[in-house]
Amino acid sequence: MKRLYALRGATQCDNTVNDICEKVAIMYDELLSANKLDEDEIVSVIFSVTDDLTAVNPCAALRKGGRAGELALFSAQEPESQVSLERTIRVLVHCYLDEGSKPRHVYRNGAEVLRPDRCL
């Protein structure tokens, strides 16, 4: 039996199209791999981005890499705060996994400091 889960992740990037595309694709691929997840089990993907990353929308970056072709994607600007981690893209993936699964989250490229208890 399948159940709806939410997977989280984050990565820091340089503000270039190439770096954002590369880091978003790696984070997404690691989430799928770590959770033995196929794209057809994904309901939606939501990104948030700090205001210093303007080179490309992470949704567009993911699609440029040939991923998430038919998935519902959404991106929003991360609320600004004094303790925000700069150059950061966060992701929330809603997906179906087998009931009782232990979701694996992906934090990389410096974003591990956000949730050291959730890193692979």
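Biologist: What is the relative accessible area of N109, and which class follows from it?

Modeller: The model is predicted: local features need pLDDT of at least 70, side-chain atom pairs count only at pLDDT 80 or more, and totals for chains, interfaces and linings use all residues. Buried means under 20% relative accessible area, exposed over 50%, and partly exposed in between (1.4 Å probe, protein chains only). The relative accessible area of N109 is 30%, so its class is partly exposed.

Biologist: Where is N109 found, and what is its phi?

Modeller: N109 lies in the segment after β5. N109 is not a glycine, yet its phi is positive, at about 55°.

Biologist: Is A68 buried or exposed?

Modeller: A68 sits in the loop between α2 (58-64) and β3. A68 also has a positive phi, about 60°, without being a glycine. Its relative accessibility is 0%, so A68 counts as buried.

Biologist: In what order do the elements of the protein chain run from the N terminus?

Modeller: Helices (H or I, at least four residues) and strands (E, at least two) are DSSP runs, numbered from the N terminus. The protein chain has two helices and five strands. Their order is β-α-β-α-β-β-β.

Biologist: Which residue of β4 is the bridge partner of L4?

Modeller: Two strands pair if DSSP finds at least two bridges between them. Strand β1 (residues 2-12) and strand β4 (residues 88-98) meet this with eleven bridges in the antiparallel sense. The partner of L4 in β4 is Y96.

Biologist: Which residue of β5 is the bridge partner of T11?

Modeller: β1 also pairs with strand β5 (residues 106-108), in the parallel sense and over three bridges. In β5, T11 has as its partner R108.

Biologist: How far apart in space are I26 and L62?

Modeller: I26 belongs to helix α1 (residues 17-34) and is partly exposed at 29% relative accessibility. I26 and L62 are 36 residues apart in sequence. Their C-alpha to C-alpha distance is 9.6 Å.

Biologist: What separation is found between the C-alpha atoms of V106 and G66?

Modeller: V106 is in strand β5 and is buried, with a relative accessible area of 1%. V106 and G66 are 40 residues apart along the chain. Their C-alpha atoms are separated by 20 Å.

Biologist: What is the radius of gyration of the protein chain?

Modeller: The radius of gyration is taken over C-alpha atoms, and the globule rule is 2.2 Å times the number of residues to the power 0.38. Along its principal axes the C-alpha trace spans about 40 × 30 × 20 Å. For 120 residues a compact globule would be near 14 Å, which agrees with the chain's 14 Å.

Technical notes
Residues are numbered from 1 along each chain as its sequence is written. Side-chain values use heavy atoms; hydrogens and water are left out.
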